[in-house]
Amino acid sequence: EHNMGTIKATNIEPIADNGTVTLGSSGDTFSLGSGVVQSNLNYPAFKARLATDQTPGTTGWNKIQANTEDWDTNNAYDTSNYRFTVPAGMGGKYHFDLSLRFDSASDQGIVQVRLYINGTQHDASQARFTASGTTSVQMKSNYQVNLSAGDYVELYGYAPSTSQDFGGGTEATSCTWFAGYRIGD
């Protein structure tokens, strides 16, 4: 064994173009020093929300028009079509958090939220509620999925009627939002 001390460099690259640089061997552990930040951990990451209430256009599944970003590390969430697209070279496992608030939920029903991946229904979460008057109902869910570069993910909510708005608001309020980040390969 050799103890070589500290290596200081501003950049480490493979000898060949598109080559591989290997650090350590099987079973080795690399620790980050106190205060060191790994710059690409859980990137890309985004959170988008409804700033104002959205009235569902139809009874049934409606795309949630989360048009306000709280963050978007890689400019991968599009506020014009309300979708997250996996950037080039960033395929892998992703975690998504979903939150749907119904406003004026005036009768018994089922709150449902679902991811659509590449335009196809992929996941559903639901919660039954009984409410009266102008009660708001909030549900949250999460989902993990393996995605490839170019795949796109959208958030849909099920509207039992067009009179029950998807609730909007600020980042600090309980509202409808959609967030996600890459877990790894």
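1. From the N terminus on, the elements of the protein chain read β-β-β-β-β-β-β-β-β-β-β. That makes eleven strands and zero helices. The model is a predicted one, and the points below should be read with that in mind.

2. The protein chain has 185 residues, of which 38% count as buried.

3. Strand β11 covers residues 177-184. Six of its eight residues are buried, so β11 is largely enclosed by the rest of the structure; the cut-off for buried is under 20% relative accessible area.

4. Strand β11 pairs with β1 in the antiparallel sense, over five bridges. Within this pairing, Lys47 has Ala179 of β11 as its bridge partner. β1 itself spans 45-49.

5. Strand β11 is also joined to β6 (residues 92-102); the two run antiparallel and seven bridges connect them. Here the bridge partner of His95 is Tyr181 in β11.

6. A nonpolar patch lies on the surface, formed by Ile12, Val21, Leu23 and Phe30, with about 450 Å² of accessible area together. One of these residues, Phe30, sits in the segment before β1. Phe30 has a relative accessible area of 57%, and the cut-off for exposed is over 50%, so Phe30 counts as exposed.

Technical notes: Residues numbered from 1 in each chain as written. Predicted model: local features only at pLDDT ≥ 70, side-chain atom pairs only at ≥ 80, totals over all residues. Heavy atoms only, no water. Helix = DSSP H or I, 4+ residues; strand = E, 2+ residues; numbered from the N terminus. Buried < 20%, exposed > 50% of the residue type's maximum accessible area, 1.4 Å probe, protein only. Patch = residues over 30% accessible without salt bridge, like charges linked within 9 Å, V, L, I, M, F, W, Y side chains within 5 Å. Areas by Shrake-Rupley, 256 points an atom, 1.4 Å probe, with all protein chains shown as cover. Salt bridge = Lys/Arg side-chain N within 4 Å of Asp/Glu carboxyl O. Pairing = 2+ DSSP bridges.
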